[in-house]
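Please look over the sequence and the structure shown below, and then read the short report that follows.

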Amino acid sequence: MIIFYLIKTIIIILISYIKSKKLLELNASISQKMFSGYINQEISLTIPSNSAYITRNIIDFPSAFTNKVLLGIFTIFSEAIFVLGVFFIFINLNTLIGLSITVLTFFFIFIFSFFNLKNLNKFGKTLNDQYAKRVKVAREAIEGLKDINLLNKQDFYNEIYINENSKIIDLNAMFELRAVLPRYLLEFFTITLISLSMLILLYSGVSVSEIFPLISILAAGLLKLIPSISKILSFSQRIKSHENTIDTIYNEAKKFKKIDQNINALKSFENEIEIKNLSFRYPTTENILQNVNFTIKKNTMFGIKGVSGAGKSTCLNLISGFLNPTSGMILSDGHDIFDNIYNWQKLLGLIPQKVFISDDTLISNICLGVKKKDIDENLLRNIIKISKIDQFADINKGDFDKIVGERGSNLSAGQIQRIGLARTLYKKPKIIILDEVTSALDKITENEIFNDIKKLKSEITIIVVSHDEKIMSMCDDFYDLSK
Ligand SMILES: Nc1ncnc2c1ncn2[C@@H]1O[C@H](COP(=O)(O)OP(=O)(O)O)[C@@H](O)[C@H]1O
Ligand SMILES: [Mg+2]
């Protein structure tokens with residue numbers, strides 16, 4: 001007997017271990033897919049998502065999906081089998097009573113679900129967004145710590161945070177209430193069912209001596225059903241409130257396009273980039289670019305100019321494939337760049353206005369993602385000269401192994417831009433795109449850098465955005481977006 005019980009316990013523990021392990025593995029794998037989906041994504045800028053929402057989609061949603069939705073479906077199925085089994089026994093014991101109880105219980109589940117599941121989807125979405133908002137507030141406050149302290153706005157941020165938090169508390173309290181509700185209602189319902197069965201039996205002329213054993217079996221069965229049915233109800237509630245989670249995972253995953261099609265397209269750049277009838281609008285704006293046409297020849301320096309807000313950065317993001325044209329095409333040697341955006345981006349070096357800096361050494365920031373032992377020393381020394389990093393750091397004195405601080409807090413804006421330039425050059429791109437990169441530099445350094453960049457023309461095609469006339473005059477050709 002003891003041995004039998006021991007074996008049973010061990011088996012149950014094993015099964016639940018395997019179940020949790022499988023769920024956790026699935027959770028990790030969905031999270032991994034979301035993560036690589038986002039970082040490989042070419043259209044990321046068209047999705048109006050704050051990074052807090054993306055973090056939520058990568059970290060929280062996969063676990064909500066496995067722990068609430070999948071586990072829920074699993075539980076509902078296993079409990080439903082048990083419930084149906086008990087009903088089957090009831091019907092066998094006494095057809096009339098058994099059928100009545102079955103029908104009434106289904107009716108109860110139906111009515112209860114009808115009222116309780118209403119609006120849950122909307123509440124779930126609100127709660128999901130609320131979690132993301134809280135992360136957003138916390139992150140912004142930490143990032144803006146200096147300004148908040150200087151402006152003495154700590155109370156203001158505290159209040160916002162308290163506010164976001166209390167909304168989460170209210171919503172969760174509502175969910176909890178709805179989750180315990182089925183249990184109490186069910187107890188009440190069961191008592192009613194037992195009394196009802198007793199009445200039916202009395203009226204149908206069954207003798208009292210037969211009624212009692214029957215009723216005690218029914219009561220025992222019904223009491224066993226309470227936890228099962230309430231599990232079914234509360235899990236269906238959880239699933240319903242996570243409809244938005246499922247939708248989001250599904251819709252985001254759909255956007256992660258397969259890039260491995262057209263493996264050989266756009267492997268090289270030989271002649272020209274052609275911008276053809278290009279128009280673009282953000283989801284929230286009118287047309288930013290309207291029917292733009294120009295051609296960039298290989299091994300030239302091409303300028304894009306225009307007033308602030310004319311759409312210069314937008315245009316560069318389109319050429320880099322970070323945005324999808326609303327209409328028109330971007331062709332490289334006659335191939336649409338979206339035939340294989342992955343190969344296209346391998347040819348590009350983009351220096352954004354805001355250079356990303358990792359809290360690491362100077363050298364790892366320049367050779368981002370390259371292992372120390374794989375760094376090409378000659379290339380690096382050459383690049384340091386072109387980007388004028390040697391003016392503030394000496395490679396022979398170990399300056400390159402110093403940590404630059406989070407977001408480059410130990411660096412000036414001009415130094416950060418030079419790192420951006422060096423990083424891009426280290427990639428040995430065929431086309432280099434500069435978006436007002438030297439705007440944080442003084443005129444003399446800016447001119448020196450551009451003179452050096454111009455010398456790269458024999459190997460690299462250069463696309464440059466600037467509102468500096470002098471730099472524009474260095475270009476072989478240009479397009480004016482202000483027109
Ligand atoms: N993600 C975005 N969503 C909506 N509008 C945007 C977005 N990015 C830029 N814009 C708008 O598009 C216009 C062009 O912006 P941008 O290309 O950055 O101009 P430029 O680089 O020439 O100064 C601006 O009016 C800007 O407000
Ligand atoms: Mg810009």
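Is Asp-333 buried, partly exposed or exposed? With 13 other C-beta atoms within 10 Å, Asp-333 is partly exposed, where buried stands for 20 or more such atoms, exposed for 12 or fewer and partly exposed for the range in between, the C-beta atoms being placed from the backbone. This is a predicted model, in which local features need pLDDT of at least 70 and side-chain atom pairs count only at pLDDT 80 or more, while totals for chains, interfaces and linings use all residues. Residues are numbered from 1 along each chain as its sequence is written, and chains are lettered from A and ligands numbered from 1 in the order in which they are written.

| Residue | Phi | Other C-beta atoms within 10 Å |
|---|---|---|
| Asn-119 | about 65 degrees | 12 |
| Asp-333 | near 50 degrees | 13 |

Asn-119 lies in the loop between α3 (95–116) and α4 (120–143), whereas Asp-333 lies in the loop between β4 (327–332) and β5 (335–336); helices (H or I, at least four residues) and strands (E, at least two) are DSSP runs, numbered from the N terminus.
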